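Please keep the sequence and the three-dimensional view at hand while reading.

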Amino acid sequence: MGKITQLIQLKIAHTAKLSLPPVEPIQYMQRCLELAQLGQGNVAPNPMVGCVIVHDGIIIGEGYHEHYGQAHAEVNAIRSVKNQALLSQSTLYVSLEPCAHHGKTPPCVDLILEHRIPEVYIACQDSFEHVAGKSIEKLRKAGVKVNVGLLENEALQLNRRFFTFHAKQRPYIILKWAESHDGFVDASRISPTTPPQSITCASANVLSHHWRSQEAAIMVGSTTATLDNPSLTTRLAAGRNPTRIVIDRYARLPSTLKLFNGEADTIIINQSKDAEEGRNRWVRVASVDDLHSVLHALWQANIQSILVEGGPTLHASFIRQVLWDEVRKYVSPTLLHSGISSAHLHANPIEIQSIGTDSLYIYTQHRA
């Protein structure tokens, strides 16, 4: 049974004075968060936002931000209401403060005021400098009853990439690797003609490709690019390909690598040149060893989040410079006995999942 159907039936039952509880505002906001999630992978660098409109206890409209540059959640929700006259008697729920500025679309706060919606619930305030409480203030000055903070923590977690991007002026960083039961990520290899050691099961591989579709970009170091010659695409799962990023100190990687095949946008971070050729773009930084400057350059390129897939030397650099937000580590029952060791992370997992025959350990960076 769908969420909307459940809410409608609850309302009907309540009207009939049966012994069922009325639908609470928290349930409507939960629906907003569910809708917002549908935009993942398609709206960055914008946030994921969901919106529902309620009249007399029944959802009469809903929408979410579907694609970057297109209509926002509030616009889609208002458009979906068949009887627009009901808007002036309705309550609007939205998972993030409505925009107050002209970007690729007009301000959503003006549309709310235009339709004289009398009450608005907002899960959390938008930290983006062009919004940052301005819409809340504008609504209240116009006489709209504004409630802020319903499911705030859940809303902040949903858009953690967006908030990190603006607060820290760098992309949100997820380190991902797979290691054997005895702590190796691969056998020792010196030639690209030797294939990489297979560690994870098929289910874990598909999930990893799904993760790629959720992030703005995927990153590897030059050794991984040379030895593995990866495509870094989402060929095992549905979804768009992320921007590919490779660290190549002297911009010497051969053009025959799959990274440069034009299948997806590729950024080459290097110390030699700024250039652009087809879908490949070289971005020069003072030092590729200073990940702060690397990430700032990628922030300037509007890259909101990065899945860092390898190798262990690059992972270790992110850990050492404390520039990570999440770690997703697969541990396989496979034993390699020798080879290339994984990066060391001194932290406790917040969650452990079973993915096929593998275990997935999830870590998050503490932020004060």
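Which side chains meet glutamate 34 and arginine 31 in a salt bridge, or rather, what joins the side chains of these two residues? The side chains of glutamate 34 and arginine 31 form a salt bridge, with an N to O distance of 3.5 Å.

## Model and confidence

The structure is a predicted model. The mean pLDDT of the protein chain is 91, and 91% of its residues reach 70 or more. Over residues 7-20, however, pLDDT stays under 50. For that stretch, the model has 17 contacts beyond four places in sequence.

Glutamate 34 and arginine 31 both belong to helix H2, residues 25-37. Because they are 3 residues apart in this helix, about one helical turn separates them. In an α-helix there are 3.6 residues a turn, so residues three or four places apart point the same way.

The two partners fall into separate classes of accessibility. Glutamate 34 counts as partly exposed, at 26% relative accessibility, whereas arginine 31 counts as buried, at 17%. The pair also belongs to a network of salt bridges that links Arg31, Glu34 and Glu62.

## Salt bridges between other parts of the chain

The count of salt bridges in the model comes to 15. One of them joins the side chains of arginine 212 and glutamate 309, at 2.9 Å from N to O. Arginine 212 lies in helix H8 (residues 202-214) and glutamate 309 in strand E13 (residues 305-310), so this pair ties together parts that are 97 residues apart in sequence. Both arginine 212 and glutamate 309 are buried.

Aspartate 265 forms a salt bridge with arginine 279, and the closest N and O atoms of this pair are 2.9 Å apart. Aspartate 265 is in the loop between E9 and strand E10 (266-270), while arginine 279 is in the loop between strand E11 (275-277) and strand E12 (280-284). The two residues are 14 residues apart. Aspartate 265 counts as partly exposed, with 37% relative accessibility, and arginine 279 is likewise partly exposed, with 40%.

## The buried face of helix H5

Which residues of helix H5 are buried? In this helix, which spans residues 134-141, they are Ser135, Ile136 and Leu139. Seen down the axis of H5, the buried residues fall within an arc of 100°, so they line one face of the helix.

The elements that cover these buried residues include helix H4 (108-114), strand E4 (119-122) and strand E5 (145-148). Glycine 143 follows H5 and has a positive phi, near 95°.

Valine 185 lies in strand E7, residues 184-186. Its relative accessible area is 17%, and because buried means under 20%, valine 185 is classed as buried. Apart from residues up to four places away in sequence, valine 185 touches Trp177, Ala178, Glu179, Ile199, Pro312, Ile340, Ser341 and Ser342. The C-alpha atoms of valine 185 and serine 342 are separated by 5.5 Å, although the two residues are 157 residues apart along the chain.

Serine 231 is found in the loop between helix H9 (222-228) and strand E9 (243-247). This serine 231 is also buried, with a relative accessible area of 13%. Leaving aside neighbours within four places in sequence, serine 231 is in contact with Arg244 and Lys258.

Notes:
Residues are numbered from 1 along each chain as its sequence is written. This is a predicted model: local features need pLDDT of at least 70, side-chain atom pairs count only at pLDDT 80 or more; totals for chains, interfaces and linings use all residues. Side-chain values use heavy atoms; hydrogens and water are left out. Helices (H or I, at least four residues) and strands (E, at least two) are DSSP runs, numbered from the N terminus. Buried means under 20% relative accessible area, exposed over 50%, partly exposed in between (1.4 Å probe, protein chains only). Contact means heavy atoms within 4.5 Å. pLDDT is the predictor's confidence in each residue, from 0 to 100. The arc is that of the directions from the helix axis to the C-beta atoms. A salt bridge is a side-chain nitrogen of Lys or Arg within 4 Å of a carboxyl oxygen of Asp or Glu.
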